[in-house]
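Please examine the sequence and the structure displayed below before reading on. The explanation then moves from the overall chain to particular groups of residues.

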Amino acid sequence: MALPVKDQIKYWGIAMAVFLVVLWALGDVILPFVLGGAIAYLLDPVADRLQRAGLSRVLAVSIITLVAALVFILLILLVIPTLVKQTTALIDTAPALFERLQAGLTARFPDLIEPESTIRQQLQAIGETIQARGGELINGVLSSAMGLVNIIVLLVIVPVVAFYLLLDWDNMIAKIDSLLPRDHVATVRHLGSEIDRTLASFIRGQGTVCLILGTYYALGLMLAGLNFGLIVGFIAGLITFIPYVGALVGGALALGLALFQFWGAVELADGDTVTYATNWLRIGIVGAIFALGQFLEGNVLTPKLVGSSVGLHPVWLIFALSVFGSLFGFVGMLVAVPVAAVIGVLIRYGLGQYRDSLLYQGQSKDR
């Protein structure tokens, strides 16, 4: 005899509550396993294609691991040192940038910024805060023993977890399928396929979009001669998965740095006024780089790689990132998008069931 629906809801509700409590209690401890699982999920289609080409699962996973290791080594040797150097330099020069802004505003709008005005003091405070807090963060991460241990643990555990999960991925899926409640196996399989399609469309597609745009912004800004172009492109590409936020933050940061670097700012040096010629062409190129990036993202990359069937509203995505980030920290930020996609699929399924029910249709369903 099957369990009553009320009892099933109670048991599954308890299981979900226990899962959330365990996730909250473990916190960052499960970070390497979450990252490893995400990497295995992303690379499983590649392993499947290699298997269909005639390779064994072990050989396919070994080839993927070797290629990933080579890419990681190239990043370590070529990109990451420059990225860290530019980040540190940007933080160190923040006070000078804000002083230059003060000098320029003072020269052009002398009545607006007085020596003791609130605006002048706030600009100076912002630059000093960025330098102090940013320097503390980088120094803490790079110099503390615990920070180094955590980085080493991530570099060691994540690849190992990803390798074994990728190796046994199909067996794990088959095992999970065998444990599904037999009365609901068809429904769960249908929802599972919808969730997988949504996750694949968003995470794999949006991840590719972030990588392409980040590379494009970084190379474009560096070729345009913008200082700190690599770090700005990295930031813009990293947060592109948040609708409109990546372009707004990256564009504002790039244009702000371009104005500091190329605009005709006025500084006072030993009582003498020094005027710099404005390079409007360079500023326009920086703006055009982000305008072209937004055009490519909205009209080429997102439609081709992500598609229009994901169904994650931008407001819902931002809300999920905020809630999970505040509840579970960095791990919550990582799982926010997958969980939001899962909840979206379940809500759409629930709405479909509701529209087919007597609760929605009433007596018209019998007519």
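The structure is a predicted model, in which local features need pLDDT of at least 70, side-chain atom pairs count only at pLDDT 80 or more, and totals for chains, interfaces and linings use all residues. Residues are numbered from 1 along each chain as its sequence is written, and side-chain values use heavy atoms, with hydrogens and water left out.

The chain contains 13 helices and 2 strands; helices (H or I, at least four residues) and strands (E, at least two) are DSSP runs, numbered from the N terminus. Of its 367 residues, 30% are buried, where buried means under 20% relative accessible area, exposed over 50%, and partly exposed in between (1.4 Å probe, protein chains only). Among contacts (heavy atoms within 4.5 Å) with a separation of 6 or more, 69% join residues 24 or more positions apart.

Two packed helices are described by the angle between their axes and the distance between the axes. For helix α10 (residues 245–262) and helix α11 (residues 280–306), the angle is about 170 degrees and the axes are 9 Å apart. Axes here are lines fitted to C-alpha atoms, for helices over the stretch in contact, and angles run from 0 to 180 degrees between N-to-C directions. The two helices α10 and α11 are therefore roughly antiparallel, a label given to angles over 145 degrees. On the α10 side the contact includes A254, A258 and F262, and on the α11 side it includes V286, F290 and Q294. The contact of α10 with α11 comprises 9 nonpolar, 4 polar and 1 charged residues; Ala, Val, Leu, Ile, Met, Phe, Trp, Tyr, Cys and Pro count as nonpolar, Asp, Glu, Lys and Arg as charged, and the others, Gly among them, as polar.

A nonpolar core is a set of buried Ala, Val, Leu, Ile, Met, Phe, Trp, Tyr and Cys residues joined through side-chain atoms within 4.5 Å. The largest has 20 residues, of which Y217, L221, L226, V232, A254, A258 and F290 touch the most other members. Helices α8, α9 (229–238), α10 and α11 each supply at least two residues of this core, and α11 gives the largest share, 6 residues. Leaving out residues up to four places away in sequence, A254 touches L221, L226, V232, V286 and F290.

The whole structure holds 4 aromatic pairs. Rings of Phe, Tyr and Trp (its six-membered ring) pair if their centres lie within 6.5 Å; planes under 30 degrees apart count as stacked, over 60 as edge-to-face and the rest as tilted. Y217 and F290 have ring centres 4.3 Å apart and planes at 15 degrees, so this pair is stacked. It links Y217 in helix α8 (residues 185–223) with F290 in helix α11, 73 residues apart. Both residues count as buried, Y217 at 1% relative accessibility and F290 at 8%. Together with Y216, they form one aromatic cluster.

Finally, N227 lies in the loop between α8 and α9. With a relative accessible area of 42%, N227 is partly exposed. Beyond its neighbours within four places in sequence, N227 contacts L257 and Q261. N227 and Q261 are 34 residues apart along the chain, and their C-alpha atoms are separated by 7.7 Å.

Key. Parallel < 35°, antiparallel > 145°, perpendicular 65-115°, else oblique.
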